[in-house]
Amino acid sequence: MNYDTPRIKQTIPARAAAYVAIYPMLAQIAKEHGYALAVHGSAHRDLDLIAVPWIEEASEPLALVQAFKEALSAVTHADHSDEHFPDCDPKNKPHGRIAYSLHFTNQGMYGGYIDLSVLPISKGKEAACT
């Protein structure tokens, strides 16, 4: 397989349909872990999700990610590279959110994948409106 081609820019309608089909399962897993789950983006290349802690006892973000990974049989590496990320390669993003990549194939970003952003669990007092 030639990974130098611009395949990542191609939209594959079947991916969007697959993403829609798995969303209810992921939303239920998120709820079980104390998170609300929302979709953002076009779902052309990947499925962009945002997980927001919704209850006081929400799981740690990595527990949610691991539950998603197990339910999807997702991988976190690509055959064409030596990189392997057992913790889904977290990236720090603005406002404290953490982004994780869960891939459906071993082709890295060339196959379908989920880009999951998890907002941090608040440990302090909530702001009051005066």
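Student: Which residues have the most contacts inside the largest nonpolar core, and how many residues does that core have?
Tutor: In this predicted model, the largest nonpolar core has 23 residues, and Phe68, Ile114 and Leu116 are those with the most contacts inside it.

Student: What does Leu116 touch?
Tutor: If residues up to four places away in sequence are left out, Leu116 touches Leu37, Leu49, Ala51, Val65, Phe68, Ile98, Ala99 and Tyr100. In the pairing of the strands, Tyr100 also stands opposite Leu116 in strand 5.

Student: Let's go back a step. How many helices and strands does the chain have, and how do the elements run from the N terminus on?
Tutor: The chain has two helices and five strands, and from the N terminus on they run α-β-β-α-β-β-β.

Student: OK, and what is the order of the strands in the sheet?
Tutor: The five strands form an open sheet with the order 1-2-5-4-3, and the pairing in it is mixed. Strand 1 (35-40) and strand 3 (91-92) are the edge strands, each of which pairs on one side only.

Student: What do strands pair through, in general?
Tutor: Strands of a sheet pair through backbone hydrogen bonds, and they can do so in a parallel or an antiparallel way.

Student: So which way does strand 5 run against strand 2, parallel or antiparallel?
Tutor: Strand 2 (residues 47-53) and strand 5 run parallel and are joined by five bridges, with Ile50 standing opposite Ser117 in strand 5.

Student: And strand 4 with strand 5, parallel or antiparallel?
Tutor: Strand 4 (residues 98-103) runs antiparallel to strand 5, and six bridges join the two. Strand 1 and strand 2 also pair in the antiparallel sense, over six bridges, and there Ala38 stands opposite Ile50 in strand 2.

Student: Why is strand 5 described as largely enclosed by the rest of the structure?
Tutor: Five of the six residues of strand 5 (residues 113-118) are buried, and therefore the strand is largely enclosed by the rest of the structure.

Student: What about Ser117, buried or exposed?
Tutor: Ser117, which is found in strand 5, counts as buried because its relative accessibility is 6%, and the cut-off for buried is under 20%. Leaving out residues up to four places away in sequence, Ser117 touches Leu49, Ile50, Ala51, Arg97, Ile98 and Ala99.

Student: Changing topic to the helices: where does helix 1 lie?
Tutor: Helix 1 (residues 13-32) lies across strand 1, strand 2 and strand 5, and it runs at about 155° to strand 1.

Student: At roughly what angle do the axes of helix 1 and helix 2 cross?
Tutor: Their axes cross at roughly 145° and come within 10 Å, and helix 1 passes helix 2 in a right-handed crossing.

Student: Which residues meet there?
Tutor: On the side of helix 1 they are Ile22, Met25, Leu26, Ile29 and Ala30, which meet Leu64, Ala67, Phe68, Ala71 and Leu72 in helix 2.

Student: Where do Ser73 and His95 lie?
Tutor: Ser73 lies in the loop between helix 2 and strand 3, while His95 lies in the loop between strand 3 and strand 4.

Student: Are those two buried or exposed?
Tutor: Ser73 is exposed, with a relative accessible area of 61%, and His95 is exposed as well, at 80%.

Methods. Residues numbered from 1 in each chain as written. Predicted model: local features only at pLDDT ≥ 70, side-chain atom pairs only at ≥ 80, totals over all residues. Heavy atoms only, no water. Buried < 20%, exposed > 50% of the residue type's maximum accessible area, 1.4 Å probe, protein only. Helix = DSSP H or I, 4+ residues; strand = E, 2+ residues; numbered from the N terminus. Pairing = 2+ DSSP bridges. Contact = heavy atoms within 4.5 Å. Axes fitted to C-alpha atoms, helices over the stretch in contact; angles between N-to-C directions. Core = buried A, V, L, I, M, F, W, Y, C linked by side-chain atoms within 4.5 Å. Left-handed = near helix turned anticlockwise from the far one by under 90°.
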